[in-house]
Amino acid sequence: MAPTDSDLSGRPVVMDVFRFLPDEETEPRFQRYEIPYRDDDVVLDALNHIKAEVDATLSFRWACRMGVCGSCGMMVNGEPRLTCETFVNEFHPEPIRIEPLAHFPVARDLVINMENFMDTLPTVKPWLMPADPKPIEEGEFLQSPGELATYKRFSMCINCMLCYSACPVYGLDETFIGPAALALAQRYNLDSRDGGKAERANVVTSHEGIWECTYVGDCTRVCPKEVDPAGAIQMAKLSYATDWVKSMLLPGG
Amino acid sequence: MDVPVHDVLIVGGGGAGLRAAIAIAEDYPEISVGVISKVYPMRSHTVAAEGGAAAVIKDNDSLDDHAYDTISGSDWLADQDAVEVLVSEAPAEMIQLEHWGCPWSREPDGEVAVRPFGGMQTERTWYAADKTGFHMLHSLFQTSLKFDSIVRYDEWFVTSLVLEDGRPHGVTAIELKSGEVHAIGARAVILCTGGAGRVYPFTTNSNIKTGDGMALAYRAGVPLKDMEFVQYHPTGLPGTGILITEAARGEGGVLVNRDGYRYLQDYDLGEPLELDDPNHPQKRTMELGPRDRLSQAFIHEREKERTIEGPHGDYVNLDLTHLGERTITRKIPMVRELAVRYVGIDPVTEPIPVRTVVHYMMGGIDTDVEARTLQPGLFAAGECACVSVNGANRLGSNSLTELLVYGARAARSAARFAGETPDVSLAALRTGQEAQRQRITEWLSPGAGGGETVAGLRSSLGDALEEGAGIFRDESSLQQACDTIRNLKQRFENVKLTDTSRTFNYELTAALELECMLDVGEAIAHSALARTESRGSHQRTDHPERDDERFLNHSLAYQTDGDPRIDYRDVVITRWPPGKRTYGTD
């Protein structure tokens, strides 16, 4: 909720915000805003205050304001963060520098172009391919709480793109399938109901897949939902390597 | 750019829209389906649903019980044929989602687990911890990626329906990336645009829930049904309005006032059991009463000055401390995450401050059990529609179920309609496109508009509805809201856009959203003014009783050049004659 006049703390916060309108400008610039804020304001609230009260031309994505829709990731003082979960107080009284997520083309201001991810995601086949399909009338597939726990963590990804922004490999090579998509492939590979691991192998183990990951671990460090994509990729490497060794030792088996 | 044409075009990529798209892709693979959404599908507000989705699956439950709970919860305003469809098709829809990989929480034996929810006499709410909507939406989205026949238009904002010869021929829309206005043709259109909670100033709803689809239908001559019924959820975080799920009470959490007293016992919701009683929490009783009654109780407590004053207004406490860390972390981890992050309180050791907050629109685009509107070729499903299964008060965990059942039904109806319908008129689409293009170009030209701002008008609209059409209303407050909104619609003509560029112009889309919100707000205020009775979430202090003689019917708001015309249609009663709505004693 944007602050109202009655409950502002009286202390201003300085925001240096990345501005760029590719249609009309050749170079990005930083614009400084000095705005009042409330102790419990998040960075997104401050941006919304700017948009509503100071400068309606500033563009950024947001929706849920509760850390689950994945829209509002930005660089906050150089770190990829969800701005709806990042409090102004963390930085005050220092200025806060807001930039679009690194490693993505900028569409405008703080809005990135994430079409590459959207196009890549389907290639890892992130859907359940039942190992033993059955009709709906026969009810649910059984899955113990332990089996659920095996993959649950990797199912928590909100596609916020923070991990791509932190990943040095993706920063150099945008053909890398990347942390979120590979973690999602592993989420389905680990699901006790799924039988699609071999079908995902072509893409997941391709040159653009898990083997390109150098295990820096920055994806896991910045993930706001504790998905641990780096761990998922390591597990996938081990699992596919084991499959390969088995196939060598037991040809035809 | 050529005009792309689909057999069926779905507006909205949330739960209902994606369910519909998959239904068409699976059952009618020869049909071309488009999904157009102003955000990427994963951002849709279904993602924020927490507690669960109701469907009868266990031996101790029955379809009739689910139907009865829903109908009594609706204060007998739900159409009972629609409720029977909902409860009978719900189990298969939920199992289908399981087969698509949704990570439902499980019993030790591997079966799907269910939890109790407000107003439900039996535990029947399927859940994925307390991120049910998130997991449902992502399961649907990921499943939809399988189908090449589904064409998505992500981040396109629909500005109008193109109608000619008594049927839709498609839509016009702004591609946000380029700012260009396009036309997309379709033989049938399904609106799945969600609710409109943002018309109020304090809501759990995300920024995108601005009633766009409701306004599109309303402008096309389709009535908005039962718009006076607005659900306030009893447990939102003060300040932000972030939802603390009803599942917190389903797991045993209790509401206490400033004296630590479980005040719900004073409001005809039954007697409290001790917290260590094995029957606590008792179904359809106290904290597991329906949302309308709990939110009304909060207002009464505030009038008695038994709420607690805080920097963001008065609140009560939701106490989960007796549940213990293990249950909280296992069953409702997001509650803990949200409370710690946004109010600095760990519910394991301290109660969470909560207050009432606008959450859901029971009303919406008038549809029938086949998800048809009165406009042939136009269909609607999910929160934007009113079929009605929710009547005067929706029970928690029925909305996720509704979007699956009626999303799939809308798909089948639209696919059949498209199959029997001739080609779309490209001329009509181009005419519509040109008109929209001109309007937006004029709007974005320097010097256009007057002294009004989008943010200023939006804030005035919110205040008008909260003050005039809140939890309790009366003739004078509602008349005031109607007058204010009429005035705001005039002032909107003078709205000034300071952003005149094309790429991702979110001031432009906010203005278009505001225009939709004004239409929706007008329908809410006028429908509420006309219903001189109290029923469910619509509480008129000047007409405190339910009046089945005059109002066992749905309101239908039609747009006119002036104030909306309000008409009525009888409620469909099948097997459950109107009765007294009792909690805590039956």
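Let's start in chain B: strand β11(B) is joined by 5 bridges to β14 (residues 352–361), and the two run antiparallel. A word on terms. Helices (H or I, at least four residues) and strands (E, at least two) are DSSP runs, numbered from the N terminus. Two strands pair if DSSP finds at least two bridges between them.

This is a predicted model: local features need pLDDT of at least 70, side-chain atom pairs count only at pLDDT 80 or more, and totals for chains, interfaces and linings use all residues. Residues are numbered from 1 along each chain as its sequence is written, while chains are lettered from A and ligands numbered from 1 in the order in which they are written.

Back to the strands. B:Tyr232 stands opposite B:Val358 in β14(B). The sheet is open and has 4 strands, in the order β11-β14-β13-β12 (chain B), with antiparallel pairing. β11 (230–236) and β12 of chain B are at the edges with a single partner strand each, so one side of each lacks a neighbour in the sheet. From one strand to the next, the twist averages 45 degrees; axes here are lines fitted to C-alpha atoms, for helices over the stretch in contact, and angles run from 0 to 180 degrees between N-to-C directions.

Now the domains. Chain B is divided into domain 1 (5–231 + 359–425), domain 2 (234–357) and domain 3 (431–570). Those bounds come from an automatic or database domain assignment. How far apart are the C-alpha centres of domain 1 and domain 2 of chain B? They lie 29 Å apart.

Next, the backbone. Most residues other than glycine have a negative phi, and most peptide bonds are trans. Which peptide bond in chain A is cis? The one from A:His92 to A:Pro93, with omega near 10 degrees. A:Pro93 is in the loop between β4 (79–82) and β5 (96–99) of chain A. In chain B, the bond from B:Val387 to B:Ser388 is cis, with omega near -5 degrees. B:Ser388 is in the loop between β17 (385–386) and α10 (399–419) of chain B.

A:Met161 is not a glycine, yet its phi is positive, about 75 degrees. Buried or exposed? A:Met161 is buried, because it has 23 C-beta neighbours inside 10 Å. The cut-offs: buried means 20 or more other C-beta atoms within 10 Å of its own, exposed 12 or fewer, partly exposed in between, with C-beta atoms placed from the backbone. B:Met286 also has a positive phi, about 50 degrees. B:Met286 counts as buried too, with 26 such neighbours inside 10 Å.
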